[in-house]
Amino acid sequence: MANNFARILSGKRNVGIMSLIGAGSLTATFLLNREHVTAGAQVRRVYPASADYPDLRKHNNCMASHLTPAIYAKLVDKATPNGYTLDQAIQTGVDNPGHPFIKTVGMVAGDEESYEVFADLLDPVIKERHNGYDPQTMTHPTDLDSSKLKSGKFDERYVLSSRVRTGRSIRGLSLPPACTRAERREVEKVVVDALAGLKGDLAGTYYSLTHMTDQEQQQLIDDHFLFDKPVSPLLTCSGMARDWPDARGIWHNNTKTFLIWINEEDHTRVISMEKGGNMKRVFDRFCTGLKEVERLIQEKGWEFMWNERLGYILTCPSNLGTGLRAGVHVNLPKLSKDPRFTKILDNLRLQKRGTGGVDTAAVGSTFDISNLDRLGQSEVQLVQTVVDGVNYLIECEKKLEKGQDIKIPPPVVLQLLPILVQDVLQPLPLLVQDVLKPLPLLVQDVLKPLPLLVQDVLKPLPLLVQDVLKPLPLLVQDVLKPLPLLVQDVLKHLPLLVQDVLKPLPLLVQDVLKPLPLLVQDVLKPLPLLVQDVLKPLPLLVQDVLQPLPILVQVVLQLKVPEERVPGQVTFLSSSCIIIRLSSTYTSQSNRGNQGPVH
Amino acid sequence: MPFGNTHNNFKLNFKVEEEYPDLTKHNNHMAKVLTKDMYAKLRDKQTPSGFTLDDVIQTGVDNPGHPFIMTVGCVAGDEESYEVFKDLLDPIISDRHSGYKPTDKHKTDLNFENLKGGDDLDPNYVLSSRVRTGRSIKGYTLPPHNSRGERRAVERLSVEALDTLDGEFKGKYYPLNKMTDAEQEQLIADHFLFDKPVSPLLLGAGMARDWPDARGIWHNDAKSFLVWVNEEDHLRVISMEKGGNMKEVFRRFCVGLKRIEETFKKHNHGFMWNEHLGYVLTCPSNLGTGLRGGVHVKLPKLSTHAKFEEILGRLRLQKRGTGGVDTASVGGVFDISNADRLGSSEVDQVQMVVDGVKLMVEMEKKLEKGEAIDGMIPAQK
């Protein structure tokens, strides 16, 4: 036992100051545009997760259903970048075990990043609360085009008032459970500044809770506009009522049909309402007003928290998506006493509340009837559901007034069923009816997994594609692989080809050259004879020339040659000799050589 | 760790003017003392366990005031809060505890033999007598701040210590989340069972988180000595019985407390105590002795006398309804107890109750006979 205490005591000694990540991503103008959320902020912890895991055995809320010790251990050391922790997010669910018949959500978000950092817990909670909507795989449709709404005017003998509300959060500022006073005041400032820009039938005034006069307060109470400090422990335990009424207030337009709550459960709650049954006009104003407010805050560089997985981000996970509750106060004295009333509402995907709002009882037979769903369907779709549903309820009421019987409508998802089938089912004996009764649910159960089935079909596609593409490289490889060899084979023959070309060349040359010698021979052959023929008479010629020479010389030497004789001049010395004067050089030689002209 | 105040460093990015609470309509001790400058000075501080200024004051910000009582408007999250946030808490303590100075020393005296009288209060008037105090276990953070793990450790340790008690103190522990319906019925009938706090003064401080995890009631077999575990403080120790024998109630109170303390000390976890503040508890109003000794006494005539309040003031006593704080009296029966906690000892305070109640009963008797009581009105104690 001493070990226990020693361990705890030493643990305490080792505790350092809490190290939390400050607002590293908070700029001076509070503009945040985080694509990725780092859940790395560490939280001061003295005890292991198992010692701090809450006792949820008697709890019945969505958080308790999904917060296993493993998930707790995984997330408890994490904080959002602003320092919001898991323990804070779940505190309201730990403090409020719930009701055996009503399943509350049991947790809140302290900021936009909570939905990322604590996704391991929030995703299953969202899934349970929103009919299986899976934030990891699905996208939420946002549609604020009120012109699409069909037949939104109710019979005013029954519908006393119509109302549409939603919430909006300002991106970059923490949500009510976690916000500091400064952040809350900033929300007030941003929204009030934007609202001051509204014009026409939307122009209005802001009444701050701290500064309103008694008269203003009384007027707001009479108008049923004033919201009080929350008393529901579901809300107070999450910390959203801290510092009340600092930076809280109400804005409404002059005609009192468009109203905005600031810093109550969410940054803003936007409400469009009117007496009577003109839901169309209420929804028109709702959409126009919302779009205007959005435009006005965007002018100053702000925007609403929204993403395509979760739609509009609000404090309570139950309000994600559209955050929209469209409803009427409707008088249904007969129908509300019919035992089928609850089932009819269920199938129409509507819920009833008392006329004081959530957790109140109905007064007389006037009920607040509104849509059950928030996420996975657009604003237009949800308001249409309310319109169609309330019209049906009024029809039932009228039938009951006339003593006629009413039908439980098929669940909304099965509106495709032919009305004929309905009429066939109705008169069937109860026994058969009881057999067929679960059919819609069965069909629903069949349809319900369809998205998952489709998913299952689509899921392997990438792999299939992969499987097709995978062998391609090998195929290509297989095609290309023999190419070198092919080339090789082609080239292989080349030498032979060349060879074949070159091979006969020598012979060709040979053939050309071969007759040459003979040709030469033929040319040369007669040459000697030719030469012979030429040379042959030469000796005789020479002889003939030379023969008389001695005699001539003799003759010449006998005669004297005149010195003036011009060379070349032939002088007949005698009849028997011819003097051929030779060249002068010869003469000069002869002069020198004392040779005289040759006679 | 009250909501939203754990990320203190993040808040420092905002200017003091932006974070300073709006206390213009407030009327509690905290609002009187916490100026913007003081807020600026203390807001970046934390105790070693991470308790911040905003944690301290949240209950006072959320509860502007009480129609009849000047509330304290702040709490401590651990023993060190009284040091780290001295600048805020010392003036509050001084204001609340009749000018107690930061340098004053508190006297602790749990020696029941020092009490004079107290065994002779007229049971025709004094219906029951009770002494309660609180104790905090050193080394653990206090109810506004503790985590579930810590609270459970306090419970474990407390139950262990209490189980060692024997003799007149032998008893049993009833954890709130495990008691049977029969046990619950009995505890309600004995007026022992405490409920989840509903007072926003307490809720605003975060001490009701995770209810009823690690909360419970221990009492002895004779049902005269009772300990609450993890309600507003780690331990609330109560000695009570029907009738007017305050002496016996106080004896049992002192003896029992000493026994419990011994056991805790053996496990190296004594009580939080220092010689300046005495016993350290969650609410600054309970510092010192943390003792409220009182009686349920029938004073139908005296309570309607013009000087009733003045008499109480002079006797240093206060009145409450028979349902405890924030309740009204029923049938002229009042809960009369000591007003002081800090600056006088346990014996001093119970003595004041004993003497004061005795005097008031005599006054009541006089008024019944139609006599005046002006001569009996005491001087200011």
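**Entry 1: chain A against chain B**

I looked up the interface and found 52 residues of chain A in contact with 53 residues of chain B, where contact means heavy atoms within 4.5 Å. The model is predicted, so I note its terms: local features need pLDDT of at least 70, side-chain atom pairs count only at pLDDT 80 or more, and totals for chains, interfaces and linings use all residues; side-chain values use heavy atoms, with hydrogens and water left out. Residues are numbered from 1 along each chain as its sequence is written, and chains are lettered from A and ligands numbered from 1 in the order in which they are written.

The size of an interface is often given as the accessible area lost when the parts come together. I noted about 4200 Å² buried between chain A and chain B, with 49% of it on carbon and sulfur atoms. Buried area here is the accessible area (1.4 Å probe) that two parts lose on being put together, summed over both.

Next I looked up charged pairs, and the rule finds two salt bridges across the interface of chain A and chain B. A salt bridge is a side-chain nitrogen of Lys or Arg within 4 Å of a carboxyl oxygen of Asp or Glu. I found Arg148(B) in a salt bridge with Asp87(A), their closest N and O atoms being 2.6 Å apart.

I also noted 25 residue pairs in polar contact between chain A and chain B, both residues at pLDDT 80 or more. A polar contact is a pair of N or O atoms within 3.5 Å; within protein, one must be able to donate a hydrogen and the other to accept it, and residues adjacent in sequence count only if both atoms are side-chain atoms.

On the side of chain A that touches chain B, helices H1 (2-13), H2 (49-52), H5 (86-95) and H8 (181-195) of chain A each supply at least two residues. H5(A) gives the most, with six residues. Helices (H or I, at least four residues) and strands (E, at least two) are DSSP runs, numbered from the N terminus.

**Entry 2: chain B as a whole**

I noted 13 helices and 10 strands in chain B. The C-alpha trace of chain B spans about 70 × 45 × 40 Å along its principal axes.

**Entry 3: the two domains of chain B**

Chain B is divided into domain 1 (9-97) and domain 2 (112-369), with bounds from an automatic or database domain assignment. The contact takes 22 residues from domain 1 of chain B and 24 residues from domain 2 of chain B. Their C-alpha centres lie 27 Å apart.

The two domains of chain B bury about 1900 Å² between them, 64% of it on carbon and sulfur atoms. Which three residues supply more than any others of the area that domain 1 of chain B buries against domain 2 of chain B? I found Glu79(B), Tyr82(B) and His97(B), which supply 33% of that area.

The count between these domains is one salt bridge. Glu79(B) forms a salt bridge with Lys138(B), the closest N and O atoms being 3.1 Å apart.

**Entry 4: cis peptide bonds**

The bond from Trp244(A) to Pro245(A) is cis, with omega near 0°. Pro245(A) is in the loop between helix H10 (233-236) and strand S5 (249-253) of chain A.

The bond from Trp211(B) to Pro212(B) is cis, with omega near -5°. Pro212(B) is in the loop between helix H10 (200-203) and strand S3 (216-220) of chain B. Asp210(B) is also found in the loop between H10 and S3 of chain B, and its phi is near 65°, a positive value in a residue other than glycine.
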